[in-house]
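User: I would like to learn how to read a structural model feature by feature, beginning with a helix and what surrounds it. Could you take me through it slowly?

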Amino acid sequence: MRAVTLDGQLRVDHHAAMPQVTGDQALIKIRRAGICNTDLELVAGYMNYSGILGHEFVGEVVDGRGVDDLIGRRVVGEINVADGTCDLCARGIPSQCRNRSTVGLDRHPGAFADYLALTRQNLHVVPDQISDDQAVFVEPLAAALQIFEAIHVSPRDRVVLIGAGKLGMLVAQVMRLIGCDLSVVVRREQQARLLNHWGIDAVDRVPPQQAQVVIDCTGTAAGFSSALDMVEPRGTVVLKSTYTALPQADLTRVAVNEVRVIGSRCGPFPAALRLLSLGLVDVDSLIEQRYTLDEALEAFSAAAQPGKLKVLLDF
Ligand SMILES: [Zn+2]
């Protein structure tokens, strides 16, 4: 089968081994996949990953033991594969399983391949009204929704989002749904236009220390420091970024201003599927380019351009 593999360098392998389906795994024929900033970071050396890349996908179940009810269905898949036995799994936090592997990120083959074997407990059937294009966004949209698992955002809050990229544009849309006073700091005309189209304020700058909640989706080391400039005393900074470089920030301000700093990562797939089914989040406008799997190297170059929104791989 074909696969996009990383082993020091990125390449398209036309003779990759077919996945061997074991235990409760389903064999999924990938239909479409999305390139995420994390994929770009992996290529740059993050996590020292080697193997097949890709963790945003939709595919069709074609084989597996005990998955008869799923054969022929379109599915999306959660990326954390938990052991189900450790103390964190027992406490209902499988996404933080101590022995987890992660699809396309950590000791688990990814989805930029013709086929992926994934445990059925991670799979969610995609309703017919959600297109393949839209289904690719379930994973990042779930990650955006995870903010609400981590903090309470009041409809009265002033919320500032920085980093209007692939993930930030999803976070902005789910924040809009609760009616808070939301501003997104943008530098690019395209992002500003889209945000305005959704009725969201796109601004150049915000006054210092006025926001109750600041969400950092920048993915840059400077983002955290900017967020500290904007948050008011006793406010909350939410980190949605993984940083390739270590942030330099004045942590004394966290202590003196009594700022809460909250991390959040992977989120609830069923909620993301419901929002897409209801048409409450516009993901189609976020698609900028699409490539075939054979053109994956070009697709990665395109995705790495500053300000680029979603690049899809079409199988
Ligand atoms: Zn576990």
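**A helix and its cover**

Analyst: In helix H8 (residues 221-230), the buried residues are Gly223, Phe224, Ser226, Ala227, Leu228 and Met230. Buried is used here for a residue with 20 or more other C-beta atoms within 10 Å of its own, exposed for one with 12 or fewer, and partly exposed for anything in between, with C-beta atoms placed from the backbone. Helices (H or I, at least four residues) and strands (E, at least two) are DSSP runs that are numbered from the N terminus. Please keep in mind that this is a predicted model, in which local features need pLDDT of at least 70 and side-chain atom pairs count only at pLDDT 80 or more, while totals for chains, interfaces and linings use all residues. Residue numbers start from 1 along each chain as its sequence is written.

User: Which elements cover the buried residues of H8?

Analyst: The cover includes strand E11 (158-162), E14, strand E15 (231-239) and helix H9 (251-256).

User: Which residues of the largest nonpolar core touch the most other members?

Analyst: A nonpolar core is a set of buried Ala, Val, Leu, Ile, Met, Phe, Trp, Tyr and Cys residues joined through C-beta atoms within 7 Å. The largest one here has 92 residues, of which Phe112, Leu141, Leu161, Val171, Ala172 and Val184 touch the most other members. Helix H6 (residues 166-176) supplies the largest share of this core, seven residues, and at least three residues come from each of domain 1 (3-143 + 266-314) and domain 2 (147-263), the bounds being taken from an automatic or database domain assignment. Apart from residues up to four places away in sequence, Ala172 touches Leu161, Ala164, Leu182, Val184, Leu195 and Ile200, where contact requires C-beta atoms, placed from the backbone, within 7 Å.

User: How many residues of domain 1 and of domain 2 are in contact?

Analyst: In domain 1, 18 residues are in contact with 15 residues of domain 2. On the side of domain 1 that touches domain 2, the elements giving two or more residues are H1 and helix H4 (138-145). The C-alpha centres of the two domains, domain 1 and domain 2, lie 26 Å apart.

User: What is the strand order in the open sheet of three strands?

Analyst: Strands of a sheet pair through backbone hydrogen bonds, either parallel or antiparallel. In this open sheet the order is E2-E1-E4, with antiparallel pairing, and two strands pair if DSSP finds at least two bridges between them. Strand E2 (9-13) and E4 are at the edges with a single partner strand each, so one side of each has no neighbour in the sheet. Strand E1 (residues 3-7) is joined to E4 by two bridges, and Thr5 has Ile52 as its bridge partner in E4.

User: Is Val81 buried or exposed?

Analyst: Val81, which lies in strand E7 (residues 80-81), is buried, because 22 other C-beta atoms are found within 10 Å. Leaving out neighbours within four places in sequence, its contacts are Arg100, Ser101, Val103, His108, Thr119 and Asn122.

User: What is the phi of Met47, and where is Met47 found?

Analyst: Most residues other than glycine have a negative phi. Met47 has a positive value, near 70°, and is found in the loop between helix H1 (37-43) and strand E4 (51-52). Met47 is partly exposed, because 13 other C-beta atoms lie within 10 Å. Gln209, in the loop between strand E13 (201-203) and strand E14 (211-216), also has a positive phi, of about 55°.

Notes:
Two residues are in contact if their C-beta atoms, placed from the backbone, lie within 7 Å.
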